[in-house]
Amino acid sequence: MSGKDGTAGAERRQPKDIDEIRQTIERCVMCGLCLANCPTYKAILSERISARGRAFLIGKETLDETYFHCTLCKACDVMCPAGVPLSEAIRRMRELMVERGLRIEANERMIGNIRKHGNPFGETKKGEIPKDLYCC
Amino acid sequence: MEQDLKKRMGRIVGEGNVSDSANDRLTFATDASQIEGKASLVVWPTSAEQVHRIIVYANRHDVPLVLRGSGTGLSGGAVPDDSVVVSFVRMDRILRINLKERWAEVEPGVILDDLNAVLRRHGLYFPVVPSSHEVASVGGVISTDAVGVRGVKYGRASDWIEELTVIDGTGKPLVLKKDRIRDFAGSEGVCGAIIGARLRLAAPLGRTTATLHAFGTMDDLIFEYRRIMARQDVTAVEFWDRTTARLLGMDERHYLFVEFESDAGKVKDASEIARLWKRRDAIAPTLGSKGFTLLEDPKVPLEELPTLIGWLSENGIPAFGHIGYGIVHPRFPKEKKDLIPKMFRLVKEIGGEVTGEHGIGIYKKEFVPEGTVRRIRELKRRYDPKGIINRGKIV
């Protein structure tokens, strides 16, 4: 698997109770209305880095750094016509990954950035978008 | 081969605008139709020149491309079949606005609400507003020739296009005007890529009033609808059936919502009208949250509307829609998915079309009328004889 997803080969490892998280997004119909409010989608303009993309990847039981790109702002929850609590599902995916020791490249980079720079984004200069857009 | 393709596409669009990562390909292999295909690569062009080079390359090397806007299509129009997905979301610039002549030139990835937010400052707007306006892109709206909630006044997207700039399936740049606009508007991207559009703009609506009618039967509703449509001041006319009303917590009757650009409506207070619109707009989300998540868009002759609504009611399926265009939006729960092809058959029997505005894509291919098949084949021969673009869509 490509390192670009930040998954470092861990993509298909499945924690036992991921089914429970999948159930919370069962009503997602992929309509895409959440894209309108998702700040990470607005910044990157890529499906993977979007609320809908995350819901789809959770449904596929797939690990990805995109769960850590999410700002947990809940804008997707507000927009969702089916009332899917997506931000909660994403938060639980993060927890699950940490609990199960399923560290991906994103975790390593965040930990390194916090140790070195005191924040998960790495060295940031005024007016520049941080290179690592992770949120813990 | 795919590494080589990625490198070549990267040379065209830049390294940051191409991806072969497993999860990018996975998330671009589906859209709001929930049909899943297979994407071999994802490319995000940022200019017309790049789109041109991508299509020329694809032609020379027989690389199938699938074009994609915001991925809100409900018929699988953007679902790839082992193809390169060309996403237009990063071509999202409003290029020019001419206030005097009332037009705007835009790239295909511009989001409708973003466009209208800019136009509002100038006292103008693009009036074809489907219910997905928060996220729908101009390219997608044109490709499906969408109808908005004010379709009775403003018509379809193609009625508001002065000029389309496209790259056809052979890689030839074209500027289309008048009748030729409809070769691309409504043909779901099978002819080539829309890279720019000059859109006519309208002045915002003046003061409006509204009336919400309730009826015991669909026949009574249609009688009132015909009476209202003899008027010249109707700007929107929407309906929802008694099953929908019950699920919304309203009296179990059929409802007709009419908006007038005059004093003719019973509700004259602006905030009260806004409340009625809110109720109309809440139908889809409310049904969705109650498990009615699968949305369809058949179009039927007005006199057959009671037949379709009757069949849907018998099966417990709520429906609402743009009665002015004969477009009905039934919403099915996932567990009753099997009823959808049965509904398509009924729609054909009563002289309707299986899609009024969402398009055919791959999902409704087997229900496409023969005339549409002939027309699309002719367009493919003219604009994309090698079948590079949106392979397997519609026909």
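Buried area is the accessible area (1.4 Å probe) that two parts lose on being put together, summed over both. The structure here is a predicted model, in which local features need pLDDT of at least 70, side-chain atom pairs count only at pLDDT 80 or more, and totals for chains, interfaces and linings use all residues. Residues are numbered from 1 along each chain as its sequence is written, chains are lettered from A and ligands numbered from 1 in the order in which they are written, and side-chain values use heavy atoms, with hydrogens and water left out.

**Exercise 1.** Work out what area is buried between chain B and chain A, and which residues of chain B lose the most.

*Solution.* Start with the total: about 2,500 Å² is buried between the two chains, and carbon and sulfur atoms give 56% of that. Now look at chain B's share: Asn23(B), Leu26(B) and Thr27(B) lose the most area to chain A, together 22% of what that side buries. Then count contacts (heavy atoms within 4.5 Å): 31 residues of chain B touch 35 residues of chain A.

**Exercise 2.** Find what polar and charged links join the chains, and which helices of chain B take part in the interface.

*Solution.* First come the salt bridges, each a side-chain nitrogen of Lys or Arg within 4 Å of a carboxyl oxygen of Asp or Glu. There are three between chain B and chain A; in one salt bridge, Arg68(B) meets Glu47(A) at 3.0 Å, N to O. Next, helices (DSSP runs of H or I, at least four residues, numbered from the N terminus): H2 (22-27) and H11 (283-289) of chain B are the elements that give two or more residues to the side touching chain A. H2(B) gives the most, with five residues. Finally, sort that side by class: nine nonpolar, 12 polar and 10 charged residues.

**Exercise 3.** Find how many cavities of 30 Å³ or more there are, and what lines the largest.

*Solution.* On a 1 Å grid over the protein atoms alone, a cavity is a set of points where a 1.4 Å probe fits but cannot get out, and lining residues have an atom within 4 Å of a point. The count is four cavities of 30 Å³ or more.

How values were computed
Polar contact = N/O pair within 3.5 Å; in protein donor to acceptor, adjacent residues only side chain to side chain. Nonpolar A, V, L, I, M, F, W, Y, C, P; charged D, E, K, R; others polar. 1 Å grid on protein atoms, 1.4 Å probe; cavity = no way out; pocket = protein on both sides within 12 Å on 5 of 7 lines; lining within 4 Å. Points joined across faces, edges and corners; volume = space filled by probe spheres on them.
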